[in-house]
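Open your viewer and get the selection tool ready. We will walk along the chain and stop at a few side chains.

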Amino acid sequence: MFFDLPLAKGKILSETPHYHGPIFDVVTQKINTPDGLTVERDLIRHPNAVAMLALTDDGRVLVNREYRVATNSEVFGLPAGLIDHGEDWQTAASRELHEETGYLTHDLQWLTAVRSSEGMTDETVNLVLAKINLAAKTSQDFDKDEFVTSRLVPFSELVAGVKAGKINSAQTVAAVTYYLAFVAKS
């Protein structure tokens, strides 16, 4: 099968750091590519993350509304966050879901992982299906620079928002699509 073929790697000849920040770093790499070119590419080094498709037993899903600097506006998306150093995806998913929404999960299932822009960042986002217990809600526990409004909406409303282009978060679109294609049908 085509996808079972080994993937060639480039040889990194040098790496020059340009910026070190609290969430990401920027470097320039000089690389010998597998096809014999020598190129320079900028890379944003970013920790991996999780995004949770958090469903209730009655078919509702948690959707966040949160300000994002890249769009300078609020956006809709799934609860998500960075995997802290030393955490696995399960711990990060449970922690982020609780911090952003106040809900506790009783079941996590890894769906797949996505990369939003392999040409410029090494971030991988783990998409996770979470079952939440409505009776197990506590208070939210935001990071000091974070405020999130969470709402339970019918899953069909989330799908309609994706279809209408009102939800543009790559991880949200991917999680909904993956769930509909591979999980909901089984």
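Start by selecting Phe 3, which lies in the segment before strand 1 (11-20); strands (E, at least two residues) and helices (H or I, at least four) are DSSP runs, numbered from the N terminus. Before you go on, note that this is a predicted model, where local features need pLDDT of at least 70, side-chain atom pairs count only at pLDDT 80 or more, and totals for chains, interfaces and linings use all residues. Residues are numbered from 1 along each chain as its sequence is written, and side-chain values use heavy atoms, with hydrogens and water left out.

Is Phe 3 buried or exposed? Phe 3 is exposed, at a relative accessible area of 70% (buried means under 20%, exposed over 50%, partly exposed in between; 1.4 Å probe, protein chains only).

Next, look for aromatic pairs: a search of the whole structure finds 4 (ring centres of Phe, Tyr and Trp, the last by its six-membered ring, within 6.5 Å; planes under 30 degrees apart are stacked, over 60 edge-to-face, the rest tilted). Select Tyr 19 and Phe 24, a tilted pair with 5.6 Å centre to centre and 45° between the planes. Tyr 19 is partly exposed at 41% relative accessibility, and Phe 24 is partly exposed at 33%.

Now move to Tyr 178 and Phe 182, another tilted pair, 4.8 Å centre to centre with 55° between the planes. Both lie in helix 3 (residues 170-183), 4 residues apart, about one turn of the helix. Tyr 178 is partly exposed, at 24% relative accessible area, whereas Phe 182 is exposed, at 55%.
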